[in-house]
Every structure is written in structure tokens, then in C-alpha cells.
Amino acid sequence: MQKARVPGFKRERIELESCSICEGRAVVKGVFYELVCTDCNGSGWVVRGSKLVLSSDELVTQLSFKLQQTQREIAALKASANVAMSLHEKSNRLGAGGTNYTGD
Ligand SMILES: [Zn+2]
């Protein structure tokens, strides 16, 4: 596969996968307390396929990319959940007839 490289303009997005040693939790259980997982540099992520550990510098950038992508996905999910919710509320109001309030 040919890689299009534009040096200095765009950082490469490295595909990551969950660390198999700590199962993506970034820490492993020590005897008394949790220890930072050395197999993934305490990130919970390794390079997909090669399972290489990223350096701290590269890790920060790659995790930022991943976080941004995840935030976009969450925003999209929330938007569609809001649509579903308002549709649900609308049908509820029609069904329940509005006033369900019991005073006294
Ligand atoms: Zn790990």
C-alpha cells in the first residue's frame, strides 16, 4: 500500500488497538496497588498489528486524534439520541393525554 506523505503538514494517524497485557486498562494489578502497564507505556494502546509501543511524545498526539474522533462519535450519538428522545416524548404526551398530575 502506497502512503501519501506530506511532511510537516499532516501527522500520520497510527492505527491503535487495545493492549493485550492490561486489556486496554493502562494499568495492571500489582500485589498492593495498580502498576502502570509497561507494554503499552501506560496508555492501554499499542500499534495495531505490530503491537509496538509508541513513545510518550507520539502517544500524546495519537491519543489526541483518537479522543477527538471519539468525541465526534459521542456528539453524533447524542444528537441521534436527542432526536429519538424528542420523538418519544411527543408520542408519550399524545398517549397519556397530558395531565397526569395528582394534587393534594
Ligand atoms: Zn498495557
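Visitor: Which residues form the largest nonpolar core?
Guide: A nonpolar core is a set of buried Ala, Val, Leu, Ile, Met, Phe, Trp, Tyr and Cys residues joined through C-beta atoms within 7 Å. A residue is buried if 20 or more other C-beta atoms lie within 10 Å of its own, exposed if 12 or fewer, and partly exposed in between, with C-beta atoms placed from the backbone. In soluble globular proteins, nonpolar side chains tend to be buried together. Here the largest such core has seven residues: L16, C19, C22, C37, C40, W45 and V46.

Visitor: What kind of model is this, and what is the mean pLDDT of the chain?
Guide: This is a predicted model, in which local features need pLDDT of at least 70 and side-chain atom pairs count only at pLDDT 80 or more, while totals for chains, interfaces and linings use all residues. Residues are numbered from 1 along each chain as its sequence is written. pLDDT is the predictor's confidence in each residue, from 0 to 100. In this chain 80% of the residues reach 70 or more, and the mean is 86.

Visitor: Where is confidence highest in the chain?
Guide: Confidence is lowest in helix α1 (residues 56–96), at a mean of 89. The highest confidence, at 96, is in β4.

Visitor: What percentage of the residues count as buried?
Guide: The chain has 104 residues. Of these, the share that count as buried is 9%.

Visitor: Is V47 buried or partly exposed?
Guide: V47 lies in strand β4 (residues 45–47). It has 16 other C-beta atoms within 10 Å, so V47 is partly exposed.

Visitor: How far apart in space are V47 and L16?
Guide: Two residues are in contact if their C-beta atoms, placed from the backbone, lie within 7 Å. Leaving aside neighbours within four places in sequence, V47 is in contact with I14, L16, L52 and L54. V47 and L16 are 31 residues apart in sequence, and C-alpha to C-alpha the distance between them is 4.6 Å.

Visitor: Which residues does L16 contact, leaving aside its neighbours within four places in sequence?
Guide: L16 belongs to the largest nonpolar core. Its contacts beyond those neighbours are W45, V46, V47, R48, Q62 and K66.

Visitor: What is the phi of A26?
Guide: A26 lies in the loop between β1 (16–18) and β2 (27–29). Most residues other than glycine have a negative phi. The phi of A26 is positive, near 75°.

Visitor: What is the phi of K51?
Guide: K51 lies in the loop between β4 and α1. With 13 C-beta neighbours inside 10 Å, this residue counts as partly exposed. K51 is not a glycine, yet its phi is positive, about 60°.

Visitor: How far apart in space are N41 and S56?
Guide: N41 is in the loop between β3 (34–36) and β4. Leaving aside neighbours within four places in sequence, its contacts are V53, L54, S56 and L59. N41 and S56 are 15 residues apart in sequence, and their C-alpha atoms are separated by 7.4 Å.

Key:
Helix = DSSP H or I, 4+ residues; strand = E, 2+ residues; numbered from the N terminus.
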